[in-house]
Amino acid sequence: MTHDLVLQVLDKRGCCGFKGPRAVEWLRDQGLLLPTQPNSWAISGKNLEEVIVARLGASEFFIEGMVGTEILERVASNTVKPSGVYPVLREDCAFVISGTNVDEVLAQVCSFNFADLALAANPVIMTLVMDVAVLIVPQESSVGCRYRVWCDPTFARYILDGLEPIVIEYGGVHRETYYE
Amino acid sequence: MKLLVCPLNGPRPVTEFAYGGEVRVSPDPDACSDAEWGNYVFNRSGSPGQKYEWWCHAASGFWFIALRDTTTDLVIATYPAEFVQTGFSRVRPQ
Amino acid sequence: MMYRLAPHADEWIDRSIIVNFFFEGKECQGYEGDTISSALVAAGVPFLGRSFKYHRPRSLLSFSNHDSNTLFQVGEVPNVRGDVTPLRAGMRVSAINTFGGLSKDRARVLDRLSSFLPVGFYYKAFHSKRLFPHWERMFRALTGLGRVSLDAPRKFTAKRYAFCDVLVVGAGASGLSAALAAAAAGAHVALVDESLQGGGITPLRTPNSTLEALLRKLSQSDKITFYSATVAAGYYADHWLALAEPLRMTKMRAKAVVFATGVIEQPAVFRNNDLPGVMLASAALRLLACYRIAPGRTIVIVAANREAYEACLELVANSLRVAAILELRSTLQHSLEDLKLARRCEDLGVKIFTASAPYQAIAASNGLLKAVDYGPIDSSGTINSQAAKRIECDSLLMSVGWAPASHLLAQAGGSTVFSPEIQQFVPKELPAGIFVAGRLNGVFEFNSRLDDGHRAGTDAAAYSGYGETRGSEVTRSTRCPSHPYPIVEHPAAKNFVDFDEDIQVKDLQNAIQEGFDSSELLKRYTTVGMGPSQGQHSNMNALRILARARSMSVSALGLTTARPMYHPIPLKLLAGRGFHPVRRTPVDAMHGALGAMWMPAGNWRRCEYYGVSGETRDASIAAEVWAVRHAVGLIDVGTLGKIEIHGPMAGEFLDRVYAGNFSNLRVGMTRYGLMLDESGVIIDDGVIARLAIDLFYFTTTTSGSTAVFRELLRLNALWGLECSLINLTGHMAAFNFAGPLCRAILQPLIDIDLAEAEFPFLGVREARLCGVAARLMRVGFVGELGYEIHVAANAGIVVWKALMSAGQDRGLRPFGVEAQRVLRLEKGHFIVSQDTDGLTDPYEANAMWAMNMRKPFFVGQRSLRILEKRGPRQKLVGIEWDGASHSTLVKESHLVIDGVNIAGRITSALYSATLKKWIGFAMLNPDFASRTESLPNREIYIRTDSGKMQLARIATIPFYDPKNSRQKQILGG
């Protein structure tokens with residue numbers, strides 16, 4: 001039996017957010033590719049410099065990449081932002097859940113119908129997992145759908161502890177640390 | 001479980017939402033009488049019918065307005081929250 | 001007596017595997033594939049259970065999980081449904097509701113006492129207040145089914161969400177047809193059936209090859225998910241159904257639903273219709289077809305429909321002896337088909353007595369059926385008992401009618417109307433997306449059911465976006481499958497309408513006579529339909545009795561609606577895994593090693609105090625308080641709501657939501673904020689810091705953080721001010737580092753000057769602390785020099801450890817919520833929602849200093865103008881008292897007594913080791929509060945748990961350091 005069902009905590013990723021009336025303009029000036037539709041995502045940069053930009057609603061942005069990524073460091077740095085650009089401190093816990101039966105695992109903790117999604121449109125889903133607000137980006141991969149999840153760090157233990165026995169029940173593993 | 005169609009997040013079960021009460025317009029606090037103010041603060045209309053209501057999609061913190069028929073529990077339309085400043089004054093019951 | 005027949009190719013059992021199990025302690029054998037019920041009757045077990053009220057012996061009735069005769073205790077699991085639960089090796093099965101075992105049940109005496117237990121007996125006999133506790137104990141012992149083992153291990157079962165385009169409930173002919181039609185149109189289909197296999201409840205009577213072809217198509221379809229052994233137990237809004245599978249609950253959201261739930265066979269009502277040996281004809285056919293069990297050696301059928309003759313032919317074809325058919329109808333001339341079937345039965349040697357009804361079933365001395373007395377009935381259904389004759393038989397099958405399984409349809413909002421032609425409620429108006437097929441729809445003949453299923457499935461698929469509607473007419477049955485009044489009176493009663501609750505015809509008639517003469521009242525007074533089978537075999541007959549007694553039509557009275565879940569569901573399926581979110585602060589991991597004693601605070605877990613070995617709870621808390629007062633203490637306040645507001649109108653926004661003024665707050669300073677609701681009641685408080693002209697950072701209470709932030713978002717949407725809110729509650733760690741030594745310890749770790757002149761009381765600074773960005777606020781909550789330190793969550797542990805180690809040699813102690821409560825109480829700070837309640841306004845809490853009525857507007861301001869005129873209705877005051885013995889321990893919510901009146905209540909009460917006295921808050925009646933001004937020593941009395949009074953004094957607050965010189969660091973203060 002292959003153990004390709006994995007719950008992986010991504011602890012080498014950094015993230016930050018921006019909102020405000022001039023956030024779009026400023027982030028574009030920083031060289032980021034911004035998704036145009038609310039609740040969708042886009043990728044900027046290549047390989048190790050790759051960052052994902054999720055548009056939450058109309059005017060809030062969530063940016064995540066490897067710690068040390070040049071653009072992430074630059075936009076998240078402490079320098080004063082122009083007026084109308086409001087940095088949002090994001091200390092989210094990031095994890096990935098993927099592999100065989102991943103949809104069965106999610107079905108036990110989340111009422112969202114992932115099967116109905118058009119993945120080509122790069123959707124971002126804000127929903128509840130085990131009654132806790134999360135941000136989910138589903139991505140296609142060779143083993144079916146791969147879900148990237150971010151949640152408030154103060155709920156991380158609760159969510160991971162709740163997911164772990166379900167993942168194990170479906171023959172998967174929980175990797176505490178993971179380098180991507 | 002009831003589905004509610006969030007203008008931002010699409011159809012979601014009602015457990016993902018928080019109810020914010022009926023959209024009501026306060027009387028001018030400086031011009032109204034104590035009785036008028038008391039009526040605004042404490043009395044709610046329980047009569048059935050179509051009502052504009054505040055709803056918040058909890059996972060995204062997105063507030064919007066739903067026009068709901070409280071007799072049938074059917075949501076007739078939803079609007080972004082800006083509607084309370086732009087369109088609501090035109091349609092609200094006097 | 002029932003017995004097993006020779007094998008048959010289509011049977012559901014595997015005779016090569018013998019399954020040993022125990023019933024009532026005795027070893028029994030069944031086969032792989034048997035259910036508990038089928039194995040027991042095949043093994044010749046005469047009684048399977050005792051009835052609920054009279055403890056009469058019972059055996060199979062419906063054999064379809066609709067009656068409560070076959071509920072069993074299996075090991076530690078109570079109320080296992082024997083009709084549908086697969087037999088497993090080693091099962092220890094016993095009957096429920098017995099005293100001293102099934103055969104010697106001591107409570108069987110109740111059967112003889114039944115005439116002393118009329119309907120409504122409990123209401124009439126046990127209303128005496130004095131004796132009620134006695135009766136209650138007695139009846140609690142007598143009632144309830146099964147035994148719960150408190151030692152049973154906790155097992156988690158899953159609950160899951162699922163989605164489909166079309167959900168079909170019922171996998172009989174019409175349901176199968178509907179599912180296949182919907183799948184053919186391209187829809188994703190979920191098909192649900194209670195049974196282990198599809199095909200419907202009466203497998204042998206339908207043309208087998210067609211049904212088999214459908215089942216084959218089902219197994220080959222990749223569009224259909226088949227949920228077997230699954231009860232669709234409830235319908236909820238927007239096509240959401242609870243599917244109770246054997247080991248998990250699926251919450252299915254469908255775009256369209258087809259109800260093909262069919263009909264439930266109804267018993268005839270006559271004396272002793274509950275004897276072991278009397279059962280529904282459909283039960284006998286299922287026993288025969290699936291488990292190869294004969295209902296008896298000599299069979300008599302009570303008939304009122306075509307199905308009775310079909311059953312008869314089926315039994316005879318299996319070489320069983322049917323002695324007679326008692327036909328309730330006066331003639332079969334109306335239906336050529338029925339007549340033909342009757343002729344064939346007669347040709348096979350079955351005697352048919354038309355216009356005849358069973359008068360009573362006769363039990364042998366062993367309690368089993370041995371004969372039936374039958375007599376002629378007239379057109380009104382009245383039996384001539386004088387002309388009754390007896391036929392010996394050991395099996396009496398009832399085939400007199402059906403009731404629609406319309407529970408889910410009714411829950412979905414579908415209306416029904418009674419069709420006198422077929423004596424059945426049929427669907428009238430259906431809500432959008434709901435479709436009905438088959439016998440539930442009044443369509444009885446096999447080919448019509450297939451067609452009706454096809455129609456419903458096609459239309460449901462079209463509704464969910466696949467293919468076109470068919471929308472043809474429904475072909476309802478032209479014959480009548482149900483008798484209008486299959487009920488026979490008997491002077492000695494025991495003619496049961498409800499087998500769960502032992503309700504007889506006369507019970508219903510008496511209740512109607514007493515005025516409980518609507519369906520709802522009758523149900524509640526007699527409890528008809530309120531047992532485990534939820535009226536599935538009793539509601540229709542009860543309704544017919546009610547209609548006749550009131551000379552009304554059945555359609556005028558209507559049925560009661562079964563609530564979801566209409567069928568009993570194991571609690572484990574409802575419980576699921578039980579998700580209860582628990583929040584942990586960013587430095588949560590630090591507390592455990594320090595001996596944290598946890599307490600819940602909202603959904604957070606917080607440290608109440610740090611237990612030190614050899615120290616009592618009180619001593620630990622006192623030591624924590626001492627450290628803050630004399631050295632330094634560190635508390636994790638990461639649970640506080642933490643919010644940023646940006647934008648040019650941020651100050652204006654805060655002016656509107658808080659009672660105080662904030663647009664005039666200087667950058668680098670903080671101010672206490674009091675939040676009110678529109679009625680002027682205090683709902684939250686916190687500290688607001690101005691970091692820049694267009695940026696504020698502020699805190700809310702732990703318990704209010706989620707709701708306050710959400711309301712602020714709403715107000716921002718409502719007002720449309722140019723500002724933006726950011727919730728940092730979970731993304732920031734926060735500590736209060738307080739005590740006379742805290743500045744000296746902190747200074748070496750930070751890159752700013754902490755001198756009083758540089759960073760005064762109520763100031764806020766952004767700095768680098770231990771190399772990480774931090775926000776520090778000079779706050780005075782605990783009444784000492786102190787800094788509230790906020791850093792990014794991931795830096796929390798670094799800072800915590802640095803502070804702990806820097807203070808290690810200076811007497812630093814981490815302190816918990818309980819010590820903080822003492823410290824703040826000594827300072828006279830109230831806690832919102834502990835010392836205030838849902839009606840407390842700032843005048844009552846002495847918090848006028850935190851409001852600015854000259855502002856143009858803030859939430860609650862207009863109400864405060866009214867409240868100011870009205871005057872307070874309660875008044876929060878500080879109180880203090882000396883030594884308390886255990887019997888006069890004052891606790892929160894104890895009452896303040898003024899003579900014979902209640903004059904207030906205690907909201908906080910704690911011992912202050914610093915002040916060497918007890919201190920607290922009391923919310924007093926304002927008249928009393930002002931009267932105490934003139935009392936000697938301003939004394940009040942508090943009534944404690946023991947009833948004894950504790951004397952206390954009204955005190956001025958703060959109790960400790962009234963000039964606030966310590967937190968402000970005023971020299972010489």
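## A packed residue in chain C

C:Val258 touches C:Val166, C:Val168, C:Ala178, C:Phe435, C:Ala437, C:Ala456, C:Gly457 and C:Ala460, leaving aside residues up to four places away in sequence. Contact requires C-beta atoms, placed from the backbone, within 7 Å of each other.

This is a predicted model: local features need pLDDT of at least 70, side-chain atom pairs count only at pLDDT 80 or more, and totals for chains, interfaces and linings use all residues. Residues are numbered from 1 along each chain as its sequence is written, while chains are lettered from A and ligands numbered from 1 in the order in which they are written.

## Nonpolar cores

C:Val258 also belongs to the largest nonpolar core, which has 328 residues. It is listed there among those with the most contacts inside the core, with C:Val166, C:Leu167, C:Ala182, C:Val189, C:Ile301 and C:Leu508. Helix 6 (residues 281-291) of chain C gives the largest share, nine residues. Domain 1 (6-11 + 91-178) and domain 2 (14-88) of chain A each supply at least three residues to this core. A second, separate core has 16 residues, including B:Leu4, B:Trp54, B:Ala81 and B:Val84.

A nonpolar core is a set of buried Ala, Val, Leu, Ile, Met, Phe, Trp, Tyr and Cys residues joined through C-beta atoms within 7 Å. Buried means 20 or more other C-beta atoms within 10 Å of the residue's own; exposed means 12 or fewer, and partly exposed lies in between, with C-beta atoms placed from the backbone.

## Chain C overall

Chain C holds 25 helices and 49 strands. Its radius of gyration is 38 Å, well over the 30 Å that the globule rule gives for 973 residues, so chain C is more spread out than a compact globule. The radius is taken over C-alpha atoms, and the rule is 2.2 Å times the number of residues to the power 0.38. Helices (H or I, at least four residues) and strands (E, at least two) are DSSP runs, numbered from the N terminus.

Along the principal axes, the C-alpha atoms of chain C fill a box of roughly 120 × 70 × 60 Å. Of its 973 residues, 52% are buried. Among contacts in chain C between residues at least 6 apart in sequence, 67% join residues at least 24 apart.

## Helix 12 of chain C

Helix 12 spans residues 519-526, with C:Ser519, C:Leu522, C:Lys523, C:Tyr525 and C:Thr526 buried. The buried residues of this helix pack against strand 30 (503-504), helix 11 (505-513), helix 13 (539-549) and helix 14 (554-557) of chain C. C:Thr527 follows helix 12, and its phi is positive, near 65 degrees.

## Domains of chain A

Chain A divides into domain 1 (6-11 + 91-178) and domain 2 (14-88). These bounds come from an automatic or database domain assignment. Nine residues of domain 1 contact 12 residues of domain 2. The domain 1 side has seven nonpolar residues, one polar and one charged. Ala, Val, Leu, Ile, Met, Phe, Trp, Tyr, Cys and Pro count as nonpolar, Asp, Glu, Lys and Arg as charged, and the others, Gly among them, as polar. Taken over C-alpha atoms, the domain centres are 22 Å apart.

## Contact between chains A and C

Here 25 residues of chain C meet 24 residues of chain A. On the chain C side, strand 9 (158-169) and strand 38 (724-727) each supply at least two residues. Strand 9 gives the most, with six. That side has 14 nonpolar, six polar and five charged residues.

Methods
Two residues are in contact if their C-beta atoms, placed from the backbone, lie within 7 Å.
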